[in-house]
Structures are given as structure tokens and as C-alpha cells.
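Dear colleague,

Please find the structure we discussed below, with its sequence.

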Amino acid sequence: MDESGSYSIDATDFRILRELSADGRASDVNLGERVHLSSTAAARRRKILEERGAIAGYTSKLDLPRLGFGIVVMVAIELSSQAEQALVEFETAVVKCPSMSYCSFVSGDTDFLMMVHVRSLEDYDRVYRSELSTLPHVAKIRSSFVMREVMHRTVAPIVFSGPGEGR
């Protein structure tokens, strides 16, 4: 571990991370074949990456439109106050909103950006009225409907370039 709390990750580790970001269910045998290691070496390295926190967990990518949630809304929230108590109250409340899949505190002319998945415009109206408009300290809500997803990556490719490559 270096002074920043990071672990040194070599080119092989980056290849393992790239493969696992594309297929988190890859067996050790398959992973080893893809990164040119024995299955035992691949399993050992995967375990070390997990223990060091480079791999935070594994998930499934769901096809939300197929599940009936075909509309994505990007929501920008501006608060009436940025005092610590207002931020804490807002963040505590937003975590309880069942329609949100993402929320971040951001810099700029907006305070929070969120992503909401809904079934229809009527469904978004319900979310707006019952979730968004009831959040504490909200001064302004701006909604943008995603017309077409151009690209969606779980990880930017530059993450998988080794030190000094493409940076």
C-alpha cells in the first residue's frame, strides 16, 4: 500500500479487472484463459483484488426496458440551502426514494443529480409528486428525459490501462 492508501496493481491485475468488469461471473478457469494465467493463479489474484477492495462486489445488469422501466429521467435538484443540516436531511430522505437508482452531490449550479427509471410519463408524474416534490429543502427540480442512450459503460476504458498508458 502506498501513502495514498492505494495498492500497486500490475498489468495482469488490470487485465483481470477488465475481464471481470465485462463478465463478473467468469470462472477461474475461463478468467485464467483470458488473461493467460493458470486457473489457480487467476483465483489467487482475484481473491487478493477482492480483499484489497479493488473489486467492491458483483452485480447483474438488468434490462430495465424489458422489465417495464423504459423511460430514464435525469433529475437536477437545487436546494434552498446548502447548510450541513439541510444537506444531511435531503440525503437521508433521498435514500428512501424507491424510484431512484443514482444520486450524487455535485458542484456547479445544481446541487444533486439523480437518475430515475419509470414506466411512463404518468408514472414519472407520480414519482415527481410523491417522491421528488416531498424532499426537504428543494428549491428547484429540473427533469430531462433521456431520448436515446448513446453509450453506457460500467467503467471507463482508461481505468484498465496500466500506469503511464493513455494517461
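**The sheet and its helices**

In this predicted model, strand β1 (residues 71-79) pairs with strand β3 (residues 112-118) in the antiparallel sense, over 7 bridges. Within this pairing, Val75 has Met114 of β3 as its bridge partner.

The two strands belong to an open sheet of 4 strands, arranged in the order β2-β3-β1-β4 with antiparallel pairing. Strands β2 (100-105) and β4 (138-145) stand at the edges; each has a single partner strand, so one side of each is left without a neighbour in the sheet. From one strand to the next, the twist averages 20°.

Helix α4 (residues 84-95) lies across β1, β2, β3 and β4, and runs at about 15° to β3. Helix α5 (residues 121-130) also packs on the sheet, where it touches β1, β3 and β4. The direction of α5 makes about 165° with that of β4.

**The α2 and α3 pair**

How do the directions of helices α2 and α3 relate to each other? Helix α2 (residues 28-35) and helix α3 (residues 39-51) pack at an angle of about 100°, with their axes 8 Å apart. Angles of 65 to 115 degrees count as roughly perpendicular, and α2 and α3 are therefore roughly perpendicular to each other. On the α2 side, the contact is made by Asp28, Val29, Leu31 and Gly32; on the α3 side, by Ser39, Ala42, Ala43 and Arg46. By class, this contact of α2 with α3 has 4 nonpolar, 2 polar and 2 charged residues.

With kind regards

Methods
Residues are numbered from 1 along each chain as its sequence is written. This is a predicted model: local features need pLDDT of at least 70, side-chain atom pairs count only at pLDDT 80 or more; totals for chains, interfaces and linings use all residues. Side-chain values use heavy atoms; hydrogens and water are left out. Axes are lines fitted to C-alpha atoms, for helices over the stretch in contact, and angles run from 0 to 180 degrees between N-to-C directions. Angles under 35 degrees count as roughly parallel, over 145 as roughly antiparallel, 65 to 115 as roughly perpendicular and the rest as oblique. Contact means heavy atoms within 4.5 Å. Ala, Val, Leu, Ile, Met, Phe, Trp, Tyr, Cys and Pro count as nonpolar, Asp, Glu, Lys and Arg as charged, and the others, Gly among them, as polar. Two strands pair if DSSP finds at least two bridges between them.
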